[in-house]
Amino acid sequence: MRSNAVVGYLMTLVVIVAVALAIMVNASEEKAAGETQASLKYVVECPEGAKSATQCKVDPATFTGYRMFNRLCNHCHGEDGVGSSFAPNMVDKFNQNVDYARFKDVVTHGFKGQNGVMPGFEKNQAVMDRLDQIYMYLKARADGVLGQGRPAQL
Ligand code: HEC
């Protein structure tokens, strides 16, 4: 009888420890996922009905992305990513097939597609260090949250 009670007690303890571990693992996974997303999430503040990004304010990372894009990518992809006769519109691309993984891969290594050659920026440390910021800016554009033009910084 007494040993049964001990076994029962031990079993309960095992279950409690297992549940606690499961909760801890789950919580840390959720935190990790949340952190990745949060670090890529732009903040854009525009007055209602804003037609141009010049009326908006964006977080510093997104602003850096705006500047980098319009310094290094705009002569092919058009001002603010609207596209040109030889390189695609970024808003369209982001809404079609370009997710974060594809974006990083393409900008790092480049590729030769049906429309032309996208150069890789692997050796350009300034771009490599700011891939997330450029992504955030283009994502805000693609989500329809930010129009064309130079935003102010929050
Ligand atoms: C010399 C011109 C040129 C420059 C500079 C350039 N690109 Fe491109 N990029 C292209 C061309 C051309 C394509 C389309 C290739 C194709 O689909 O055939 C492309 C495609 C892309 C795509 C779409 C990938 C896909 O899967 O379809 C992304 C995203 C992109 N470029 C991002 C950038 C970013 C960000 C920069 C600046 C850091 C940049 N590009 C600079 C020419 C350029």
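This is a predicted model: local features need pLDDT of at least 70, side-chain atom pairs count only at pLDDT 80 or more; totals for chains, interfaces and linings use all residues.
**Entry 1: around the ligand**

I looked up which residues sit around the ligand: there are 24, and Cys73, Cys76, Gly113, Gly116 and Met118 come nearest (near means a C-beta atom, placed from the backbone, within 6 Å). The elements giving two or more residues to this shell are helix H3 (74–77), helix H5 (100–109) and strand E4 (117–118). Helices (H or I, at least four residues) and strands (E, at least two) are DSSP runs, numbered from the N terminus. H5 gives the most, with four residues.

Residues are numbered from 1 along each chain as its sequence is written.

**Entry 2: helix H2**

Next I checked the length of H2 (residues 60–72). Its 13 residues should span 18 Å at 1.5 Å a residue, and the end C-alpha atoms are 18 Å apart, so the two agree (the expected span is 1.5 Å times one less than the number of residues).

Which residues of H2 are buried? I found Ala61, Thr62, Phe63, Gly65, Tyr66 and Phe69 (buried means 20 or more other C-beta atoms within 10 Å of the residue's own, all placed from the backbone).

**Entry 3: H2 against H7**

H2 and H7 pack at about 90°, with axes 7 Å apart (axes are lines fitted to C-alpha atoms over the stretch in contact, and angles run from 0 to 180 degrees between N-to-C directions). I therefore call the pair roughly perpendicular, the word for 65 to 115 degrees.

Notes. A residue is buried if 20 or more other C-beta atoms lie within 10 Å of its own, exposed if 12 or fewer, and partly exposed in between; C-beta atoms are placed from the backbone. Angles under 35 degrees count as roughly parallel, over 145 as roughly antiparallel, 65 to 115 as roughly perpendicular and the rest as oblique.
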